[in-house]
Amino acid sequence: MEFEQALRERRSIRAFKPDPVPEELIREILEAARWSPSWANTQAWHVFVASGETLTKLKSAAPTPATGEAPAGPDFRMPREWPPQLAARTKQLSFLRDAFAATGGEAALAPANFYGAPCVLYFTTEPAIESDYLLFDSGLLVQSVCLAAHDKGLGTCIMAMAVRDPEALRPALPGAADQRFVIAVALGYPDGEAPINRFERRRAQLEEFVAWVR
Ligand SMILES: Cc1cc2nc3c(=O)[nH]c(=O)nc-3n(C[C@H](O)[C@H](O)[C@H](O)COP(=O)(O)O)c2cc1C
């Protein structure tokens, strides 16, 4: 696949086929993605590849601790509000909320079920490093994974919503106790027929965000 074609075609997949992804294929994706750049080549990232029984456990991970206390919240701050010009762009996705609300949240393709993906990759970082650039580095790795997956005919959906409550995830992922959760990526074979994977996406024109300073 041509590089530019991969960049333009990759899109968030929100309806997956149940077919499992061979571990060898996931390994190839990660082998390619590990060449992503990072601050001073630190590569302070970790990836947990969850499938099978572990994924089943994660799907049912209680969003609220058994103590009844409020969840501690995500490891990295998430946006609450956007300025109007950015909020306007999110409107294009508002139909997704309705589409999934209609599934009652329990359906096989609901967000809580990772849209039916047979595999989810959790991206975490080292706990003790005080730098927002860890997120930047993880983002580069995630984009590489998504592009490499697309190149192999797989689909991905980056999911911040899946790491809102890291305390609920840690028990199912050995070694994650002291890690900070950045993001999850659902991975699997896309259902090419599902309208939710086919709607037209928009992007800002260059004029809206590029300044040519001569
Ligand atoms: C940091 C980040 C968090 C995201 N979280 C979610 C999510 O929780 N659920 C979801 O369905 N999509 C999520 N997305 C996907 C975005 O909605 C999507 O990338 C954006 O609408 C552009 O569409 P495209 O990926 O199809 O090009 C996330 C994307 C990013 C980069």
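A polar contact is a pair of N or O atoms within 3.5 Å; within protein, one must be able to donate a hydrogen and the other to accept it, and residues adjacent in sequence count only if both atoms are side-chain atoms. This is a predicted model, in which local features need pLDDT of at least 70 and side-chain atom pairs pLDDT 80 or more, while totals for chains, interfaces and linings use all residues. Residues are numbered from 1 along each chain as its sequence is written, and side-chain values use heavy atoms, without hydrogens or water.

View 1. Arg 170 sits in the loop between helix H7 (166–169) and strand E4 (180–188). Helices (H or I, at least four residues) and strands (E, at least two) are DSSP runs, numbered from the N terminus. Arg 170 counts as buried because its relative accessibility is 13%; buried means under 20% relative accessible area (1.4 Å probe, protein chains only). Its side chain makes a polar contact of 2.6 Å with the side chain of Glu 167. The side chain of Arg 170 also reaches the backbone oxygen of Ala 177, at 3.3 Å.

View 2. The ligand is surrounded by 14 residues (a heavy atom within 4 Å). The closest are Ser 12, Arg 14, Tyr 115, Arg 201 and Arg 203. Strand E3 (residues 155–159) gives the most to this shell, with 3 residues. By class, the shell has 8 nonpolar, 1 polar and 5 charged residues. Here Ala, Val, Leu, Ile, Met, Phe, Trp, Tyr, Cys and Pro count as nonpolar, Asp, Glu, Lys and Arg as charged, and the others, Gly among them, as polar.

**View 3. Atoms facing the ligand's oxygens.** A polar side-chain atom of Tyr 115 lies 2.5 Å from an oxygen atom of the ligand. For Arg 201, a polar side-chain atom lies 2.7 Å from a ligand oxygen. Met 161 uses its backbone: an N or O atom lies 3.0 Å from an oxygen atom of the ligand.

**View 4. Ile 26 and the second largest pocket.** A pocket is an open set of points on a 1 Å grid over the protein atoms alone, where a 1.4 Å probe fits, with protein on both sides within 12 Å along at least five of seven lines; lining residues have an atom within 4 Å of a point. The second largest pocket is lined by 17 residues. Ile 26, Arg 27, Leu 30, Val 47 and Val 49 lie nearest its centre. Helix H2 (23–33) and strand E1 (45–51) each give two or more residues to the lining. Ile 26 lies in helix H2 and is buried, at 8% relative accessible area.

Terms used: Buried < 20%, exposed > 50% of the residue type's maximum accessible area, 1.4 Å probe, protein only.
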